[in-house]
Amino acid sequence: MNNQQSIIYTKEIPEYKEKFSKVFRKSGKIESKFYEEESLRLQYELVKLQKWVIDNDKRLLVLFEGMDTAGKSSTIKEFNNYLNPREARSVALPKPNSKELGQWYFQRHLKQIPNAGEIVFFDRSWYNRAGIEQVFSFCTQSQHDHFYRQVNGVEEMLVDDGILFFKFYLNISHETQADRIRDRENDRLKSWKLSELDYKSHKAYAEYEVLRDKMFRLSGTPHSPWCELDADDKKRARLNAIRYLLSNIEYEGKDESVITGVDEKIVKLHN
């Protein structure tokens, strides 16, 4: 079993500080020009990574959780921009049907784990039981507790079987969440993303915070740590998510000058 993950912060790389010292706006958000240039550099590395995964029959599973409106889907889209869609897919499961409700809780998710040579992105996952299901009583307290008795063992088995496994949590402030809900209300191209549950989740933000910290504490382990990203600036979070992933996989043709570490203000590891 080998899924050890670590962080190298950009402050440890003098060239980064010198080269990118003026890439942020006064607001602290990243400049669009820098984002576009840096994103493209990282996309080349992701294509190399996928070729390595395919050529060596590797299996890569990348799981995304986070606050509502934190940008999970758009971050997955950023990862997927130039990947071969035949060997990379995104999984966003609907609520379980009556048959699935009678199955082992993890069963429907595990049907989606990657085959040899494949990359799979989970847009939410079995951690629904750690958060939203608990907040809105979609599961019992007993089911919630049982989930935590099993989840680390399940993930350890995945890693022990050779799956490269990454867990990202996109975190945003209560204020940012309110702004993004208003943005979706006012944009007809985004309004479909809103549901009554989004408004209820916003009101329950404090409960989500408590459950988030519990999740980090109980399921952040050496074999499957949580990479927490401050996603108040979506673009900055996306770049750091990609850098974190690439820096923790030794794939063929890796350009270390592109993988310049992650931002200590954005990334935190829970293991």
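1. Basis. The model is predicted, so local features are given at pLDDT of at least 70 and side-chain atom pairs at pLDDT 80 or more, whereas totals for chains, interfaces and linings use all residues. Residues are numbered from 1 along each chain as its sequence is written, and side-chain values use heavy atoms, with hydrogens and water left out.

2. Strand 3. Helices (H or I, at least four residues) and strands (E, at least two) are DSSP runs numbered from the N terminus. Six of the six residues of strand 3 are buried, where buried means under 20% relative accessible area, exposed means over 50%, and partly exposed lies in between (1.4 Å probe, protein chains only). Which residues of strand 3 point one way, and which the other way? Glu118, Val120 and Phe122 point one way, while Ile119, Phe121 and Asp123 point the other way.

3. Neighbours of strand 3. Two strands count as paired if DSSP finds at least two bridges between them. Strand 1 (residues 59-66) runs parallel to strand 3 and is joined to strand 3 by six bridges. In this pairing Phe64 stands opposite Asp123. Strand 2 also runs parallel to strand 3, with four bridges between them, and Ser90 stands opposite Phe121 of strand 3.

4. Side chains of opposite charge can pair when their charged atoms come close. A salt bridge here is a side-chain nitrogen of Lys or Arg within 4 Å of a carboxyl oxygen of Asp or Glu, and the count comes to 17. One of them joins Glu118 to Arg89, with the closest N and O atoms 2.7 Å apart. Glu118 is in strand 3 (residues 118-123) and Arg89 in strand 2 (residues 88-91), so this pair links parts of the chain 29 residues apart. Glu118 is buried at a relative accessible area of 7%, whereas Arg89 is partly exposed at 23%.

5. Other salt bridges. Glu155 and Lys167 meet at 2.9 Å, N to O. The pair ties together parts that are twelve residues apart in sequence, because Glu155 lies in helix 7 (residues 141-160) and Lys167 in strand 4. Both Glu155 and Lys167 are buried. Another salt bridge is formed by Glu250 and Lys254, at 3.3 Å from N to O. Elsewhere, Glu38, Arg41 and Arg243 are linked in a network of salt bridges.

6. Aromatic pairs. Rings of Phe, Tyr and Trp (its six-membered ring) pair if their centres lie within 6.5 Å; planes under 30 degrees apart count as stacked, over 60 as edge-to-face and the rest as tilted. The whole structure has 20 such pairs. Among them is the edge-to-face pair of Tyr169 and Trp226, with 6.4 Å between centres and 85° between planes. Tyr169 belongs to strand 4 (residues 164-171) and Trp226 to strand 5 (residues 226-230), so the pair ties together parts that are 57 residues apart in sequence. Both Tyr169 and Trp226 are buried. They belong to one aromatic cluster, whose members also include Trp104, Phe122, Trp126 and Phe216.

7. A nonpolar surface patch. Leu40, Tyr44, Val47 and Tyr82 form a nonpolar patch on the surface, with about 440 Å² of accessible area together. Patches are made of residues with over 30% relative accessible area and no salt bridge, like charges being joined within 9 Å and nonpolar side chains (Val, Leu, Ile, Met, Phe, Trp, Tyr) within 5 Å. The areas come from the Shrake-Rupley method with a 1.4 Å probe, and for residues only the protein chains shown count as cover.

8. Two residues with positive phi. Arg124 is not a glycine, yet its phi is positive, about 75°. Arg124 sits in the loop between strand 3 and helix 6 (132-135) and is partly exposed, with a relative accessible area of 24%. Ser137 also has a positive phi, near 60°, and is a residue other than glycine. Where is Ser137 found? Ser137 is in the loop between helix 6 and helix 7, and at 61% relative accessibility Ser137 counts as exposed.
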